[in-house]
Amino acid sequence: MRIRRLLIANRGEIAARVIRTCARLGIESVLAASDADLDALPARLADRVVRLGPAPAAESYLDPAAVVRAAKAVEAGAVHPGYGFLSENPSLARACRDSGIVFVGPAPETLEAVGDKLRARSHALAAGLPVVPGGEAADLAGAQAVAAEVGYPLLVKAVGGGGGRGMKLVRSPDELPQTLDIAVSEAAAAFGDPRVYLERFVASGRHVEVQVLGDGARAVALGDRDCSVQRRYQKLFEEAPAPLLSERIRAEMAAAATTLATHLGYRGLGTVELLYDRERDTFHFLEMNARIQVEHPVTEMVTGIDLVAEQLAVAEGLALRMRQEDVALTGHAVECRINAEEWAHDFRPSPGRIERVVLPAGDGIRVDTHVQSGSVVPPYYDSLLAKLIVHGVDRADALARARAALDLLRIDGVPTTVPMHQALLADPEFAAGGVDTAFFERFLAIRRPDVVGVP
């Protein structure tokens with residue numbers, strides 16, 4: 001089915017990003033916006049706007065019934081959920097299907113298979129992927145049994161979690177009972193599912209992920225990304241390809257990702273997240289994200305592929321328009337997430353009015369954003385303001401270009417994380433490449449006071 005009118009059930013930079021591809025493809029874009037976003041930049045860019053509901057996300061962006069009502073009201077043929085919110089929600093995918101509306105994403109059955117982390121682990125094992133040692137913790141006795149096999153430290157992870165949410169570190173047997181209780185309570189409150197499971201904590205691991213695209217019968221890998229610079233499991237900086245990996249490991253990761261996608265009969269854009277063990281020079285499956293991701297632009301920069309366009313094509317029922325041998329990577333790309341946060345004060349969110357925006361421009365520079373001078377950063381949602389993406393002939397060139405672009409970038413009126421990125425790009429360990437997921441805490445301990453002048 002050809003998509004002629006697309007409802008975008010999201011906000012912020014990803015809404016603007018999808019609108020941009022719609023304009024190029026001649027698809028009418030309709031933005032479903034909450035009351036807080038009716039005057040935002042994406043609302044001005046879209047062909048039409050439909051009110052989704054009040055500002056609180058639970059009454060708008062997180063309400064599947066409201067999204068379907070909005071799609072019906074404007075007679076949209078398809079719904080693009082973006083990332084976050086309902087992007088991996090089987091209820092929305094099923095409600096769209098029941099209403100004859102195309103959901104731009106995997107089938108609800110696939111979302112259920114990968115959204116439940118225990119089921120995702122089972123599928124990965126069935127497909128032959130190496131999985132981080134661990135298992136379900138139905139109660140304390142079960143958790144202690146798994147811990148005895150896995151060893152400490154370990155992670156308690158919510159079955160319904162993902163994207164770094166719902167994880168807790170346990171360093172010793174004494175911490176397990178209390179941490180387990182807290183994790184179960186928080187999982188029930190946050191995800192509506194109290195189940196948790198345990199995984200070995202790899203102290204010197206790198207977060208490497210493979211972008212895949214599938215049409216239900218065939219899948220291709222679109223290169224890998226390194227997302228190891230994280231704070232409390234939230235990504236801050238991404239790059240493609242992942243640096244300092246052997247070609248053997250890179251090829252094995254790509255093969256594992258496409259094998260899993262094929263095993264699942266995956267249709268849509270997805271990401272297979274892997275944990276690369278630096279000490280053992282091996283990797284394990286972590287989880288699969290069944291949506292477009294925040295960091296997708298670095299893949300677009302090195303492949304030259306519009307991932308949203310390909311996502312829409314397979315949603316229309318088309319077969320993949322590329323073979324694996326058609327995917328060629330050029331150069332290196334990096335992405336800095338610019339948030340309205342005060343990094344000197346524990347990354348405190350800073351909503352408010354933006355007074356001035358000056359964006360860098362030039363060869364290899366791309367800024368995905370939804371803000372401009374006069375924009376309001378509401379307190380209800382994620383604080384992401386913009387993504388600075390820079391492409392260079394190699395990693396050193398990309399980092400140098402990113403440093404120059406950050407110096408030109410101005411977002412005045414609210415504190416941002418630009419100074420943090422400038423400090424990050426000046427760090428020798430980071431510049432060398434291949435840092436692990438524990439790097440950023442070490443970096444903060446040394447660099448934050450010097451950069452912001454905190455006594």
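**Notebook: sheets, pocket, cavity and backbone**

I began at R5, which stands opposite E28 in β2. The model is predicted, so I noted that local features need pLDDT of at least 70, that side-chain atom pairs count only at pLDDT 80 or more, and that totals for chains, interfaces and linings use all residues. Residues are numbered from 1 along each chain as its sequence is written, and side-chain values use heavy atoms, without hydrogens and water.

**First sheet**

I looked up the strands around R5. Strand β1 (residues 5-8) and strand β2 (residues 28-34) run parallel and are joined by 4 bridges. Two strands count as paired if DSSP finds at least two bridges between them. Strands (E, at least two residues) and helices (H or I, at least four) are DSSP runs, numbered from the N terminus. The open sheet has 5 strands in the order β3-β2-β1-β4-β5, with parallel pairing. I found β3 (48-53) and β5 (102-103) at the edges, each with a single partner strand, so one side of each has no neighbour in the sheet. Helix α1 (residues 12-25) packs on this sheet and touches β1, β2 and β4 (78-80). The direction of α1 makes about 170° with that of β1. Contact here means heavy atoms within 4.5 Å. Axes are lines fitted to C-alpha atoms, for helices over the stretch in contact, and angles run from 0 to 180 degrees between N-to-C directions.

I then traced an open sheet of 8 strands, antiparallel, in the order β14-β13-β10-β11-β12-β15-β22-β20. Its edge strands, β14 (282-289) and β20 (365-369), each pair on one side only. Neighbouring strands are turned by 25° against each other on average, direction ignored. Strand β15 (residues 332-339) runs antiparallel to strand β22 (residues 384-392), with 8 bridges between them. In this pair, C336 stands opposite L388 in β22. Helix α1 packs on this sheet, touching β20 and β22, and its direction makes about 115° with that of β20.

**Pocket and cavity**

I checked the terms before the values. On a 1 Å grid over the protein atoms alone, a cavity is a set of points where a 1.4 Å probe fits but cannot get out; a pocket is an open set with protein on both sides within 12 Å along at least five of seven lines; lining residues have an atom within 4 Å of a point. Grid points are joined across faces, edges and corners, and a volume is the space filled by probe spheres set on the points.

The second largest pocket holds about 250 Å³ of space. I listed 19 lining residues for this pocket, with A36, D39, A40, S375 and V376 nearest its centre. Domain 1 (5-104) and domain 3 (205-447) both give residues to the lining, so the pocket lies between them. The domain bounds come from an automatic or database domain assignment.

I found 1 cavity of 30 Å³ or more. The largest cavity has about 50 Å³ of space. Strand β11 (219-231) gives the most to its lining, with 4 residues.

**Backbone**

I noted that most residues other than glycine have a negative phi, and most peptide bonds are trans. The bond from Y152 to P153 is cis, with omega near -5°, and P153 is in the loop between α7 (140-150) and β7 (154-162). The bond from A240 to P241 is also cis, with omega near -5°. E75 has a positive phi, near 55°, and sits in the loop between α3 (64-73) and β4.
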